Amino acid sequence: MKASMAMRSLGSALRSGFSSSSPSHCLRRCYSSDCVPERKVAILGAAGGIGQPLALLMKINPLVSNLALYDVAATPGVAADVSHVNTVAKVTGYMGEEQLGEALEGSDIVIIPAGVPRKPGMTRDDLFNTNAGIVKSLCAAVAKYCPDALVNVISNPVNSTVPIAAEVFKKAGTFDENKIFGVTTLDVVRAKTFYAAKTNVPVAEVNVPVVGGHAGITILPLFSQTTPKSNNLSDEDIQALTKRTQDGGTEVVQAKAGKGSATLSMAYAGALFADACLKGLNGVPDVVECSYVQSSITELPFFSSKVRLGKNGVDEVLGLGELSDYEQECLEKLKPELKSSIDKGIKFAA
């Protein structure tokens with residue numbers, strides 16, 4: 001196969017993956033410069049294990065015209081490497097705090113995977129002391145240099161770092177609850193993958209909403225609402241699928257034996273969600289993804305559920321729908337842990 005043909009095949013496959021939410025996304029798949037708005041995406045933490053593959057995936061997204069890659073070190077090399085990919089996005093690397101403002105200026109979306117990864121035996125809360133400070137300082141810069149950007153927080157523990165981000169924007173006087181997202185898409189990706197394997201249905205056809213938070217038991221896949229529906233799963237199967245989805249990150253950390261965490265699948269999930277945000281900004285109708293946002297669908301101030309995306313970020317936070325008895329039980333069990341993580345983030349940012 002010629003290189004050009006291989007590139008087209010790869011691009012087609014990835015674009016199909018990006019358009020995961022709704023067939024209506026195809027309505028705006030018009031990539032000429034006169035019909036797609038120019039969009040700048042900044043990745044903070046672009047030289048890290050998630051940041052590098054995420055940078056590549058955003059470079060090949062035809063909705064991105066300007067890609068700013070920022071990190072405290074090694075960004076020029078990453079930017080040079082990614083810039084050689086023959087797609088339309090212009091790539092610029094920025095390194096060090098003195099260049100952070102320039103990286104952020106004019107950004108439509110800021111993706112934050114910066115921070116330290118999980119290691120064997122670590123929980124997401126073990127990451128808190130380091131990553132909380134990183135997210136706090138980066139969000140202060142976003143509030144200063146591109147306060148209208150959509151902010152996609154990947155840095156763990158997301159259950160706490162999103163409330164931290166919200167508090168930072170409140171202090172800066174630029175808070176907009178519709179523009180701060182915790183990226184929980186990897187939970188959805190895993191739930192789809194595991195469900196498809198168990199039921200022997202094509203994974204591309206599977207849709208599984210995942211609600212709650214983004215750590216351990218706070219992750220609640222709603223397999224009762226999965227499409228296509230399977231009647232071949234027992235209660236024990238559902239419980240096992242739920243547990244595996246909740247422990248997906250630990251599964252990868254243990255498999256890598258101290259050499260890293262879920263970087264590649266997280267980059268893929270981060271690219272999917274950023275693509276959905278770009279489509280929403282560009283006016284594509286009915287873009288729906290699960291995300292951890294400020295919410296009133298439960299008594300908790302932040303919660304992950306289906307969210308309809310639009311030109312200003314969140315258009316609508318959708319409800320949970322009908323839950324099975326098992327899911328309702330899991331929902332009540334997760335609330336105290338999620339509340340504790342939220343409170344911890346708010347207290348840190350105070």
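Buried means under 20% relative accessible area, exposed means over 50%, and partly exposed lies in between. Keep these cut-offs at hand for the exercises. The model is predicted.

**Exercise 1. Classify F128 and F348: is each one buried, partly exposed or exposed?**

Solution. 
- Step 1. Take F348. Its relative accessible area is 30%.
- Step 2. Take F128. Its relative accessibility is 3%, so F128 counts as buried.

**Exercise 2. How many aromatic pairs does the structure hold, and what geometry does the pair F128 and F348 have?**

Solution. 
- Step 1. The count of aromatic pairs is four.
- Step 2. For F128 and F348, the ring centres are 5.4 Å apart and the planes meet at 85°.
- Step 3. Planes over 60 degrees apart count as edge-to-face. The pair of F128 and F348 is therefore edge-to-face.
- Step 4. Now place the rings in the chain. F128 belongs to helix α5 (residues 128-145), and F348 to helix α11 (residues 325-349).
- Step 5. Look for a charge by F348. The charged end of K136 sits over this ring, 5.4 Å from its centre.

**Exercise 3. Which elements does the pair F181 and F273 tie together?**

Solution. 
- Step 1. Start with the geometry. The centres of the F181 and F273 rings lie 5.4 Å apart, with planes at 65°, so this pair is edge-to-face.
- Step 2. Find the elements. F181 is in strand β6 (residues 180-182), while F273 is in helix α10 (residues 264-281).
- Step 3. The pair therefore ties together parts 92 residues apart in sequence.
- Step 4. Check the cover. Both F181 and F273 are buried.

**Exercise 4. Where does R244 lie?**

Solution. 
- Step 1. Find the ring: R244 lies over the face of F194.
- Step 2. Read the distance: R244 is at 3.9 Å from the ring centre.

**Exercise 5. How many disulfides does the structure hold?**

Solution. 
- Step 1. The count is zero.
- Step 2. Check the cover of C146. Its relative accessible area is 5%, so C146 is buried.
- Step 3. C290 counts as buried too, at 7% relative accessibility.

**Exercise 6. How many residues of helix α2 are buried?**

Solution. 
- Step 1. Helix α2 covers residues 51-59.
- Step 2. Seven of its nine residues are buried, and the helix is mostly covered.
- Step 3. Name some: the buried residues include G51, P53, L54 and K59.
- Step 4. Turn to the whole protein. Of its 350 residues, 53% count as buried. The protein has eleven helices and eleven strands.

**Exercise 7. Where is confidence lowest, and where is it highest?**

Solution. 
- Step 1. Begin with the average. The protein has a mean pLDDT of 91, and 89% of the residues score at least 70.
- Step 2. The lowest confidence is in helix α1 (residues 3-18), with a mean of 45. The highest is in strand β4 (residues 109-112), at 99.
- Step 3. Over residues 1-11, pLDDT stays under 50, and the model has six contacts beyond four places in sequence for them. Residues 19-33 also stay under 50, with 31 such contacts.
- Step 4. Draw the lesson. Where pLDDT is low, predicted coordinates should not be read in detail.

Definitions and conventions:
Residues numbered from 1 in each chain as written. Predicted model: local features only at pLDDT ≥ 70, side-chain atom pairs only at ≥ 80, totals over all residues. Heavy atoms only, no water. Phe/Tyr/Trp six-rings, centres within 6.5 Å; stacked < 30°, edge-to-face > 60°. Helix = DSSP H or I, 4+ residues; strand = E, 2+ residues; numbered from the N terminus. Buried < 20%, exposed > 50% of the residue type's maximum accessible area, 1.4 Å probe, protein only. Lys NZ or Arg CZ within 6 Å of the ring centre and 35° of its normal. pLDDT = per-residue confidence, 0-100. Contact = heavy atoms within 4.5 Å. Disulfide = S-S within 2.5 Å.
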